[in-house]
Amino acid sequence: STPSLTNENLIKAFNFLTEAEVTLVEMKYFEKRSHQEISEILGITVANAKVKLHRIIKKMQTKMTKIS
């Protein structure tokens, strides 16, 4: 089933993220930075930035499914 996408559930899912994971999400979705920019800022490859973001989103989806 699809997790309930409420602000409350989203905030709860954020609580399961590490500080580094929150930083990546902030850079991508709040600051609207490209994978290239993120990779340059963090000193990682573009591919690694994409993989990390994908894993963070999956982690949040899993947590939101358990919460809702």
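The following conversation walks through a predicted model and asks why its parts are described as they are.

Reader: Hello! What secondary structure does the protein have, and in which order do the elements run?

Author: Welcome! The secondary structure comes to 4 helices and 0 strands. Starting from the N terminus, the elements run α-α-α-α. The C-alpha trace spans about 35 × 20 × 20 Å along its principal axes.

Reader: Why is Leu 53 called buried?

Author: A residue counts as buried when its relative accessible area is under 20%. Leu 53 has a relative accessibility of 3%, so Leu 53 counts as buried. This residue lies in helix H4.

Reader: Which residues is Leu 53 in contact with, leaving aside its neighbours within four places in sequence?

Author: Those residues are Leu 24, Val 25, Lys 28, Tyr 29, His 35 and Ile 38.

Reader: What makes Lys 32 exposed?

Author: Exposed requires a relative accessible area over 50%. Lys 32 has 66%, and therefore Lys 32 is called exposed. You will find Lys 32 in the loop between H2 and H3. Its phi is positive, about 55 degrees, although Lys 32 is not a glycine.

Reader: And why is Thr 62 called partly exposed?

Author: Partly exposed covers the range between the two cut-offs, 20% and 50%. The relative accessible area of Thr 62 is 39%, so Thr 62 falls in that range. Thr 62 has its place in helix H4. Its C-alpha atom is separated by 8.6 Å from that of Ala 13, although these residues are 49 apart along the chain.

Reader: Which residues meet where H3 packs on H4?

Author: On the H3 side they are His 35, Gln 36, Ile 38 and Ser 39, and these meet Val 46, Ala 49, Lys 50 and Leu 53 in H4.

Reader: Which residues of H2 are buried, and what do they pack against?

Author: In H2, which covers residues 19-30, the buried residues are Glu 21, Val 22, Leu 24, Val 25, Met 27 and Lys 28. They pack against helix H1 (7-14), helix H3 (35-42) and helix H4 (46-67).

Reader: What do the figures for the whole protein look like?

Author: The protein has 68 residues, and buried ones make up 24% of them. Its accessible surface comes to about 4800 Å², with 54% belonging to carbon and sulfur atoms. Among contacts between residues at least 6 apart in sequence, 59% join residues at least 24 apart.

Reader: How far apart are the mean positions of the positive and negative charges?

Author: They are 10 Å apart, taking the 11 positive and 7 negative charges of the protein.

Definitions and conventions: Residues numbered from 1 in each chain as written. Predicted model: local features only at pLDDT ≥ 70, side-chain atom pairs only at ≥ 80, totals over all residues. Heavy atoms only, no water. Buried < 20%, exposed > 50% of the residue type's maximum accessible area, 1.4 Å probe, protein only. Helix = DSSP H or I, 4+ residues; strand = E, 2+ residues; numbered from the N terminus. Contact = heavy atoms within 4.5 Å. Areas by Shrake-Rupley, 256 points an atom, 1.4 Å probe, with all protein chains shown as cover. Lys, Arg positive; Asp, Glu negative; His and termini not counted. Charge placed at Lys NZ, Arg CZ, Asp CG, Glu CD.
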